[in-house]
Each structure stands twice: as C-alpha cells, then as structure tokens.
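Reader: Can you take me through this one? I'd like the conventions as we go.

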Amino acid sequence: MNQPQIQEDEQKHVDAFNARIAAGKTIEPKDWMPEKYRKQLLRMMSQHAHSEVVGMLPEGNWLTRAPSLMRKAVLLAKVQDEAGHGLYIYSGAETLGTDRAEMIDQLLSGKAKYASIFNYPTLNWADMGAVGWLVDGAAIVNQTALAKCSYGPYARAMIRICKEENFHSKQGYQIMAHMMSGTKEQQEMAQDAINRFWWPVLMMFGPSDADSPNSDDLMKWKVKLYSNDDLRQRFIDRTVPQAEAIGIKIPDDKLKWNPTTRHYEFGEINFDELKSVITGNGPCNKLRMKQRNDAHKNGAWVREAAIAYAEKRAKE
Amino acid sequence: MSTKDNWPTWEVFTQQKNGAAHEHAGNVHAPDAEMALLNARDVYGRRQEAVNIWVVPSVAITASTPEDMGPFFEPGNDKMYRWPNYYKTPEGIKQI
C-alpha cells in the first residue's frame, strides 16, 4: 500500500473512533483506537490498579492492632476488597495488550506510579477512620466519574468497585463518629488524623487544571469526564457537612460556604508537596516499595507451589 | 519475569441465583481450573453474587469481531415479522 492510502485509511479509523466517542458509545478491546488513547489509558489504569494494591499497606498495618474483633473483621474485609479492586483493574488494563506480570514488574521496580496518598504513614487507629472516610470518599468521587468513561472494561470495573467502595467510606466515617463521641483524648486523636490527612487527600485529585499535562486528551476522549478541580470541589462540598455533623474541624482557615456559587471556597493547596511525593520523596515512598517487594518475594513460594501442583495434576 | 509468573486467564461466569442464567463476571489468572474456581469465588463472589461459577480458559472462547458487526448480524436486521408487534390485531380482541 502506498503512503497516501495508508494515511487515508488511518484517517477513516480516527473519524470512526471520534464519532463513537461523540455518540457516547464505549470503546471495546478489539475496536480500533489511537495509539495515544491506548497508551494514556494503560498508564491511567495500571496506576489505578497499583494504587489499589499499595493501598492495602497503610491499612494492613493496623489489621493486627484493631481495637476489637469486629473492627478487625471489617478492616480485613476492606483490605480484601482493595486486592479485588486491583485485580478488576489489572484485568481491564490487560485488554490493552500488556500482561499483568509486566505491570506488576513496573510497580516493583519503581517505574510505575501509584496514588500519592499511600506514601503517608498511618500512625494510630484514628487514621483508619480518616483513610476510610476521606481517602475512599475521594476515590468514590473519582471513580463514580470514571464509571461513565469511554473505555468499556475500565467503566465496568469502576461500576463494580463503586458498589463495594461505599462500605469502605461508611465504615471509616463510623470510626470517626464513634471516636468523636468518646473521651477527650479520642476526640483529639480523630481531629489529629483529619489534620494530617485533609490536605494530602485533596491532592489525590491531581494537579490543578492549569497544570495537568494529560487532562486535555483524556477529556477529549471522554476518559475523564470532569476536570481535577471539578472533582476536588465535588469532594469538598460533600465532605464538609459530614465533618460538621460529627464535630470534626476541617484544618483550613479559608474554608467558607459561598451561597452564590453554592460551593465551598478553600485555601491554597501545596502542590509542591504533591510533586515531591509523586517523585519519590514522600514520608513513606521507600517503605511502601520495600513492603510491596517483600510481600511479592515472601509470596513466591505460594505461586511456585500452585504451579507445581497444577503441573503434577496435569500429568496424572 | 518468566512467563510462568503470568498464569493463563480464565473467563468467569457467575449464576446469581438458582434458576438464573450464568453471566460473564470478568476473568482471573490461575495455574489450573481448580485454582481458577477458588480465585473466581474470592474475586467475584465475596458478597453472595454467585450460587454457582463456571471458569473457562480465555483462549477457548471464539468471539465475533467488531468488523463483523454489520454483515455478521445483518440477517436479523430486516425481519421485523419475527416480532409479535409486527402483526395488527383486530380491535376488541384482548388476547391472542
């Protein structure tokens, strides 16, 4: 085929693809898609899957130290869900042509990124409340939007995840509410957890729109339906009244309801901190990578045993 | 990473309640069918979503392709007489 012909065919594909996106139809694994769409989605989905997996670490830290058997069972169920969420998204990402093993390699070698929030430490039990309520709350806002994204496997994984994530956020809020109705020390612990987590959670939505390099393409392709700032605002608007209801103070002097815009105004986010955490200099980046690598190494015998057993059975 | 570390995928079909059809839920990686079934239960059945599960090696599935979409399904497109509402019923007849 000559060059103009190839270009013409390519343009036909691009036009058909754009028409599908414009019509609100989903793109499925075997459909033609621009290479950049595939690459951006793969980056986004694998990062998302890694976040679910690394997200088990800060909470896993408290499994053996939960204050009651019930709390322990709940936390265990939540952490197990996160593993499942990682699997749903890896499985969606694999449809773009990269093996899960390769993605996991990229995580373990430090080449791939994951959500910045998991590079903050969980210092005490109140942090389990803060993480469930705020981190999962932010994730719900983000994922509810992604559930309508243009890539079918990603959207379907998000629908599954959103259904399960509501319990995560609610159990966290309940931990907070419970502590806020407790002793003065317990109330202080709960407030301290929010003081530490509030701003890093706002950073979860990514850089501000003016400084978000991948956003334009992703919005054009309807992978992202709302901008980082829009989602952040949505999270703040729904979270502030929840905080007020249990007597938690949001650590932001500039936070103020604006009756005209019907949104909360809030203080400036330290995006330099976000940049620093993303590039590997957060409080726990090295620890998380070590924990994840150790877990992978320590689990090797299980994977080997499973293969040995499968091979033995195949011979019988 | 060796290919051994990337176990084959199995498509998972779950039956949500007795008597219902099995529906595709997603897939899992597993070294054999038995492990695939256990993984499928843990991944797709943590909240009573299934009373029965099938796992099928992904490579065993043959699917129509997006390019097929037009011609492959064409035979069904122009036969409206296959639907009951194609037929007009005389007024006054309540049931047929």
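Author: To start with a term: helices (H or I, at least four residues) and strands (E, at least two) are DSSP runs, numbered from the N terminus. Residues are numbered from 1 along each chain as its sequence is written, with chains lettered from A and ligands numbered from 1 in the order in which they are written. This is a predicted model, where local features need pLDDT of at least 70, side-chain atom pairs count only at pLDDT 80 or more, and totals for chains, interfaces and linings use all residues.

Reader: Where is Arg262(A) found?

Author: Arg262(A) sits in the loop between β1 (256-258) and β2 (263-265) of chain A. Its phi is positive, near 55°, and the residue is not a glycine.

Reader: Is Arg262(A) buried or exposed?

Author: Exposed, because Arg262(A) has 8 C-beta neighbours inside 10 Å. The cut-offs are 20 or more other C-beta atoms within 10 Å for buried, 12 or fewer for exposed, and partly exposed in between, with C-beta atoms placed from the backbone.

Reader: And Lys222(A), what is its phi?

Author: Positive, about 60°, and Lys222(A) is not a glycine. Lys222(A) lies in the loop between α9 (215-220) and α10 (228-245) of chain A. With 18 other C-beta atoms within 10 Å, Lys222(A) is partly exposed.

Reader: Switching to Pro34(A). What does it touch, leaving out residues up to four places away in sequence?

Author: Val14(A) and Phe17(A). Contact here requires C-beta atoms, placed from the backbone, within 7 Å. The C-alpha atoms of Pro34(A) and Phe17(A) are 8.1 Å apart, although 17 residues separate the two along the chain. Pro34(A) belongs to the loop between α1 (3-22) and α2 of chain A, and is partly exposed with 15 other C-beta atoms within 10 Å.

Reader: Now the interface. How many residues of each chain are in contact?

Author: 14 residues of chain B are in contact with 16 residues of chain A. On the chain B side, β2 (22-29) and α1 (33-44) are the elements that give two or more residues. β2(B) gives the most, with 3 residues.

Reader: What's the confidence like for chain B?

Author: The mean pLDDT is 88, and 95% of the residues of chain B reach 70 or more. pLDDT is the predictor's confidence in each residue, from 0 to 100. The model scores ipTM 0.86 and pTM 0.92.

Reader: Back to β2(B). What pairs with it?

Author: Strand β1 (residues 9-15) of chain B runs antiparallel to β2(B), and 7 bridges join them. Pairing takes at least two DSSP bridges between two strands. Thr14(B) stands opposite Glu23(B) in β2(B). The hairpin has 6 residues between the strands, and Gly19(B) in that hairpin has a positive phi near 95°.

Reader: Last one: which residues of α5 (residues 100-108) in chain A are buried?

Author: Arg100(A), Met103(A), Ile104(A) and Leu107(A). Seen down the axis of α5(A), these fall within an arc of 100°, so they line one face of the helix; the arc is that of the directions from the helix axis to the C-beta atoms. Their cover includes α2 (35-54), α4 (69-94) and α12 (285-298) of chain A, together with β2 of chain B. Gly110(A), with a positive phi near 90°, follows α5(A).

Technical notes: Contact = placed C-beta atoms within 7 Å.
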